[in-house]
Amino acid sequence: SSWLTEAYAMHDPVRGWNSLVRNTLFAHAEQFPLLWYGVWSGPDSYYGPDAERPGEADAHLATALTDYPVLNTHSHGSVLRALFAVAGIRGTADGISIAPMFPTETFSIIWPRLSLSSTPTTIEGSLTTVGAGPVTLRVRLPSGLRTGAISVTVGGVTVPAQRTGDDASFTFAVAANVSTRWTITAGS
């Protein structure tokens, strides 16, 4: 369902966010409190609410989901993949594109090697790459930065940025396994 969550978010951010939340293990445990699995771990798919055994592990001839309903990482990996998609994070040939699709412009996410925070008037984050060299970020600007001048800083130093529509792009050098902070705010 992570692919469906992304499709929902592309069409309607509220619907995408609701899909992401509905597909968490927390939501499954809340919906089906008498099932022992689906709380901390689960199968790669569940029967839907209208099925003969709603919320239980789906049965397939090729897999033993009902025999071993917690030996799969799809329940965890799917939500993480969907969160990256709703955050609008994509790899590009020369860096990363960030075009959030949340139903709000105020959010903060911290992953081990990437962070992203936004308000209507600022967007910022950090990036820790495996290799060294130049990286280009293409960032969808929040509504308060879509008109007027912007200021982009990387590691506390102002860097030049190019604007294309509602996006800003900038290139900077990174060192391997070193966190680099960047910020986009209103400029003067």
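Asp166 has a relative accessibility of 34%, so it counts as partly exposed. I start there because this residue lies in the loop between β9 (162-164) and β10, and its partner Arg146 in the loop between β6 (133-140) and β7 (150-154), which ties together parts 20 residues apart in sequence. The two form a salt bridge, with 3.9 Å between the closest N and O atoms. Arg146 is also partly exposed, at 33% relative accessible area. Before I go on, please note that this is a predicted model.

Staying with charged pairs, a search of the whole structure gives seven salt bridges. One of them joins Glu124 and Arg181, again with the closest N and O atoms 3.9 Å apart. Glu124 sits in strand β5 (residues 122-128) and Arg181 in strand β11 (residues 179-186), so this pair links distant parts of the chain, 57 residues apart.

Another pair is Arg53 with Glu56, where the closest N and O atoms are 2.8 Å apart. Arg53 is partly exposed at 30% relative accessibility, and Glu56 is partly exposed at 26%. Then there is a network: Glu6, Arg81 and Arg90 are joined by salt bridges that share partners.

Which residues touch the most other members of the largest nonpolar core? They are Leu137, Phe170, Trp182 and Ile184, in a core of 33 residues. Strand β10 (residues 167-174) supplies the largest share of this core, four residues. Trp182 is worth a look on the screen. Leaving out residues up to four places away in sequence, its contacts include Leu137 and Phe170, and also Ile98, Leu116, Ile123, Val139 and Val154. Trp182 also touches Glu124, the residue that forms the salt bridge with Arg181.

Last, the largest pocket. It holds about 550 Å³ of space. Its lining is made of 23 residues, and Ser1, Arg22, Asn23, His28 and Tyr46 lie nearest the centre. Which of the elements gives the most to the lining? That is α3, with four residues. Sorted by class, the lining has 12 polar, nine nonpolar and two charged residues.

That covers the salt bridges, the core and the pocket.

Methods: Residues are numbered from 1 along each chain as its sequence is written. This is a predicted model: local features need pLDDT of at least 70, side-chain atom pairs count only at pLDDT 80 or more; totals for chains, interfaces and linings use all residues. Side-chain values use heavy atoms; hydrogens and water are left out. On a 1 Å grid over the protein atoms alone, a cavity is a set of points where a 1.4 Å probe fits but cannot get out, and a pocket is an open set with protein on both sides within 12 Å along at least five of seven lines; lining residues have an atom within 4 Å of a point. Grid points are joined across faces, edges and corners, and a volume is the space filled by probe spheres set on the points. Helices (H or I, at least four residues) and strands (E, at least two) are DSSP runs, numbered from the N terminus. Ala, Val, Leu, Ile, Met, Phe, Trp, Tyr, Cys and Pro count as nonpolar, Asp, Glu, Lys and Arg as charged, and the others, Gly among them, as polar. A nonpolar core is a set of buried Ala, Val, Leu, Ile, Met, Phe, Trp, Tyr and Cys residues joined through side-chain atoms within 4.5 Å. Buried means under 20% relative accessible area, exposed over 50%, partly exposed in between (1.4 Å probe, protein chains only). Contact means heavy atoms within 4.5 Å. A salt bridge is a side-chain nitrogen of Lys or Arg within 4 Å of a carboxyl oxygen of Asp or Glu.
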